[in-house]
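The sequence and structure are shown first.

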Amino acid sequence: MNVWLRQLGTLEFWKALLDSFGGLGPIAPIVLAMVESFFPPLPLIAIVALNVAAHGGLLGFLYSWAGVALGGCIMFLLWRRVVKRFFWKFASRSPKLEKAQQWVNRFDTSSLFMLTLLPFTPSSFMHLAFGISDFDEKRYLITMLLGKGVMVALIALFGQSLVSSMKNPVYLVLAILLWAGMYWVSKKFCKKHNLE
C-alpha cells in the first residue's frame, strides 16, 4: 500500500493517468462535462482542468463546452418540454417551483448571460427555473450556450495555467488568482440574485 501511495504522489503517475484519459478520445471528456449538469456536486473546474490537461487547451475547451452545452440543453428541455408540458398540473402545486418561476421574472438577457458565465452559480437550478418559466426558449438556449462558452474558456485558461505550473510556478499563482476572482464575482452575483 505504501508503494502505491508513493506512486500516487509522483509526476509520472499523473502523466500516465492523463495519457490514458486522453487516449479515450472525445466521448469521455464530453460525457464527463455533461454529467455535471445532472449531478451538480461534480466540480466543473476540475473536469475542465482534467480535459485541458489530457487533450490540450483547444480540444479540452471544445470537449468541455460541448459537454456542458449538451447537458444544459438536455436539462432545460426536459423541464420545459416534459415536466412543464405533461406534469405541470401536479408540479405547479409546489411552492418551491412557483418561487423558482417568480425568480426568473427578474432576469433579462444580459443578467442571464452573467448568470451562465459564472462558474459557481447553480446551473441545475437555473435550468429548472428557466425551464418551468415562460422565458423565451430560443433566447435562453442561445444565451446559455454563449455564456457557458465564455465560462468554459475561462476555466480552460485556468486548467492550462495548472498544466503550465508544472514547468513554471508563476502560472500556479495566476491560476489561483483567476479561480479566486471567478469565485468572488460568482458569490457577489449569486447574493444579488438570491441564489445562496
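At 0% relative accessibility, S64 counts as buried (under 20% relative accessible area, with exposed over 50% and partly exposed in between; 1.4 Å probe, protein chains only). S64 lies in helix α5, helices being DSSP runs of H or I with at least four residues, numbered from the N terminus. Its side chain makes a polar contact of 2.8 Å with the side chain of N51; such a contact is a pair of N or O atoms within 3.5 Å, where within protein one must be able to donate a hydrogen and the other to accept it, and residues adjacent in sequence count only if both atoms are side-chain atoms.

## Basis of the values

This is a predicted model, in which local features need pLDDT of at least 70 and side-chain atom pairs count only at pLDDT 80 or more, while totals for chains, interfaces and linings use all residues. Residues are numbered from 1 along each chain as its sequence is written, and side-chain values use heavy atoms, with hydrogens and water left out.

## Geometry of α3

The twelve residues of α3 should span 16 Å at 1.5 Å a residue, and the end C-alpha atoms are 17 Å apart, which agrees; the expected span is 1.5 Å times one less than the number of residues.

Within α3, the residues P29, A33, M34, E36 and S37 are buried. Viewed down the axis of α3, the buried residues fall within an arc of 140 degrees (taken from the directions from the helix axis to the C-beta atoms), so they line one face of the helix.

With 60% relative accessibility, I27 counts as exposed.

Methods:
Helices (H or I, at least four residues) and strands (E, at least two) are DSSP runs, numbered from the N terminus.
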